[in-house]
Amino acid sequence: MSGTVKVGFVPLSAVAPRGVLVIFADKSLAFGPAGRKTLGAAAATVKRAAAAAKFDGKRGSCLDLLAPQGLQVDRLLVIGTGDQGRLGDDDFLKLGGAAAGRLKSGGSAAIVLAELAGGPLTPQQASSVAAGVRLRAYTFDRYKTKKKDDEAAPTAPVSIAVKDVAATKKEFAAAGAVVDGVLMARELVNEPPNVLFPVEFARRAAQLRRLGVQVDVLDVKAMTKLGMGALLGVSQGSAHDGRVVVMRWNGGRRGDKPVAFIGKGVCFDTGGISIKGAAGMEDMKGDMAGAACVVGLMHALAARKAKVNAVGAIGLVENMPSGTAQRPGDIVTSMSGQTIEIINTDAEGRLVLADVLWYVGQKFKPQFMVDLATLTGAIMVALGTEYAGMFCNNDELATRLAKAGQTSGERLWRMPLGAEYDKLIDSKFADMKNSGGRHAGSITAAQFLQRFVGETPWAHLDIAGTGMAAPSTDINTSWGSGFGVRLLDRLVSDHYEGRR
Ligand code: BES
Ligand code: MN
Ligand code: ZN
């Protein structure tokens with residue numbers, strides 16, 4: 001794995017500050033009991049420094065003191081919390097992230113006091129701080145042969161000082177599993193496309209077997225037998241064979257219908273014969289962010305032993321131009337039997353998802369299906385990098401997803417579906433065409449997918465703007481964001497668990 005950091009827990013009552021000390025405060029600089037005790041007379045030094053630096057205590061701001069007089073520590077970091085009465089779930093994640101962002105590689109070990117002016121954080125809040133540290137500390141440096149010191153990410157261990165170590169550790173057993181899932185997804189998205197081609201991706205997904213996930217890999221022969229002509233048409237131009245990977249975690253009651261997650265895994269998207277321009281094409285290594293999220297999510301669910309039956313299925317291909325590539329004008333037959341006229345070989349993600357959605361719907365009869373895909377450039381025109389687009393045929397599922405988006409901070413904006421849009425992908429020669437033209441590009445892509453889901457409650461998340469190349473945040477500086485893992489883990493834990 002790439003750069004990560006060790007996070008542990010120690011009791012707040014017995015903090016022996018050395019190295020870097022991190023304290024949370026708003027602009028009043030009212031510290032909690034452990035902070036007051038630790039700072040002692042040095043609190044006056046901090047106040048002076050805060051005034052000189054015009055520390056305003058805004059959320060995520062920072063007062064950075066080196067070798068403060070009267071303290072044993074090398075460095076004291078006061079991280080601003082803003083209004084402490086109004087901190088939500090994902091704010092504690094951000095506070096941990098903001099703290100980690102001030103620590104440098106090659107620096108000393110750090111201790112973070114998990115308290116506010118009013119007293120210690122709850123085990124859940126403290127666990128979120130720890131998760132935020134780990135999320136922020138991740139760097140993808142696997143291919144850097146010269147590692148620099150003093151990069152903005154800690155490498156020395158970080159201890160979170162908490163009121164109840166045992167209870168916080170218990171919380172973090174689950175939260176840490178989710179972090180591991182996010183980091184796994186990021187790692188897959190960041191990997192270069194010469195390393196992470198479909199067979200290699202499938203091999204990495206198969207490692208989930210270690211956690212008790214049942215993993216089946218469909219090769220070209222198996223997919224041909226199933227009639228997955230839409231997926232195989234995309235794949236046929238590449239020297240790398242495609243794969244479908246089906247992951248199953250059975251943590252729920254035997255016989256309970258599973259929840260299902262489906263991911264677009266285009267390991268590289270050149271556009272095919274409808275080839276893309278050169279500018280920025282290297283980003284198309286991330287066109288498998290949906291599949292990466294599904295793998296990371298399955299990791300999270302299995303590692304925290306979620307009480308749910310879950311299926312994850314990913315369609316892995318490479319979209320290349322070649323003498324064997326599919327052409328505009330080709331007509332392919334999907335596994336569902338519906339025929340598709342290829343208008344643009346660059347609208348390949350929907351072709352891959354069409355067969356995987358149909359396969360999962362038929363084989364597992366799930367409670368719902370959620371697919372994730374870096375499907376359209378148009379979703380970035382509409383929503384930028386703040387929200388992923390959500391298309392949904394079921395209001396209850398849409399509401400639950402939107403809520404999970406708010407609480408996790410991985411936000412979704414619902415977009416419309418409708419018969420008028422659906423008409424735009426009718427074809428002169430086949431049952432449908434794979435592109436509806438420029439207008440409503442994200443919606444017509446979703447309409448296309450909907451033709452392969454039948455009556456099953458379903459949501460499509462277009463993560464082209466959020467899954468990769470998203471701007472850095474308090475909890476992520478990596479190119480691949482791992483978007484969707486925390487969101488969907490939250491969806492599952494809020495609504496689909498608890499019965500065994
Ligand atoms: N993978 C792309 C969408 C994409 C673009 C993701 C930029 C992330 C960043 C997708 O396969 C694609 O090429 N979509 C086309 C569809 C069009 C040909 C109908 C698009 O968005 O231009
Ligand atoms: Mn494309
Ligand atoms: Zn694509």
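Colleague: Which residues line the largest cavity?

Modeller: Keep in mind that this is a predicted model: local features need pLDDT of at least 70, side-chain atom pairs count only at pLDDT 80 or more, and totals for chains, interfaces and linings use all residues. On a 1 Å grid over the protein atoms alone, a cavity is a set of points where a 1.4 Å probe fits but can't get out, a pocket is an open set with protein on both sides within 12 Å along at least five of seven lines, and lining residues have an atom within 4 Å of a point. For the largest cavity, the lining is Gly 233, Val 234, Gly 237, Gly 272, Ile 273, Asn 319, Met 320, Ala 325, Gln 326 and Thr 345.

Colleague: And how much space lies in the largest cavity?

Modeller: There are two cavities of 30 Å³ or more in the structure. The lining of the largest one has four nonpolar, six polar and no charged residues (Ala, Val, Leu, Ile, Met, Phe, Trp, Tyr, Cys and Pro count as nonpolar, Asp, Glu, Lys and Arg as charged, and the others, Gly among them, as polar). A volume here is the space filled by probe spheres set on grid points, which are joined across faces, edges and corners. For the largest cavity that comes to about 40 Å³.

Colleague: What is the volume of the second largest cavity?

Modeller: Its lining is Leu 103, Lys 104, Gly 107, Ser 108, Ala 110, Pro 154, Thr 155 and Ala 156. By class, that's four nonpolar, three polar and one charged. The space in the second largest cavity is about 30 Å³.

Colleague: Which elements each supply at least two residues of the lining of the largest pocket?

Modeller: The largest pocket has a volume of about 690 Å³. Of its 34 lining residues, Lys 276, Leu 375, Thr 376, Gly 377 and Ala 378 are the closest to its centre. Helices (H or I, at least four residues) and strands (E, at least two) are DSSP runs, numbered from the N terminus. Those that each give at least two lining residues are strand E11 (259-269), helix H10 (349-364), helix H11 (378-383) and helix H14 (441-450).

Colleague: Now the helices: are H3 and H4 parallel or oblique?

Modeller: Axes are lines fitted to C-alpha atoms, for helices over the stretch in contact (heavy atoms within 4.5 Å), and angles run from 0 to 180 degrees between N-to-C directions. Angles under 35 degrees count as roughly parallel, over 145 as roughly antiparallel, 65 to 115 as roughly perpendicular and the rest as oblique. H3 (residues 89-102) packs on H4 at about 45°, with the axes 7 Å apart. That angle is why H3 and H4 are oblique.

Colleague: How does H4 run relative to H5?

Modeller: The axes of H4 (residues 123-137) and H5 (residues 165-190) come within 9 Å and cross at roughly 30°. So H4 and H5 are roughly parallel.

Colleague: Which hand does the crossing of H9 and H15 have?

Modeller: Here the axes of H9 (residues 289-303) and H15 (residues 485-495) come within 9 Å and cross at roughly 45°, which means that H9 is oblique to H15. A crossing is left-handed if the near helix is turned anticlockwise from the far one by less than a right angle, and right-handed if clockwise. For H9 and H15, the crossing is right-handed.

Colleague: Which residues in H15 does H9 meet?

Modeller: As for labels, residues are numbered from 1 along each chain as its sequence is written, chains are lettered from A and ligands numbered from 1 in the order in which they are written, and side-chain values use heavy atoms, with hydrogens and water left out. From H9 come Cys 293, Gly 296, Leu 297, Ala 300 and Leu 301. Their partners in H15 are Val 485, Leu 488, Asp 489 and Val 492.
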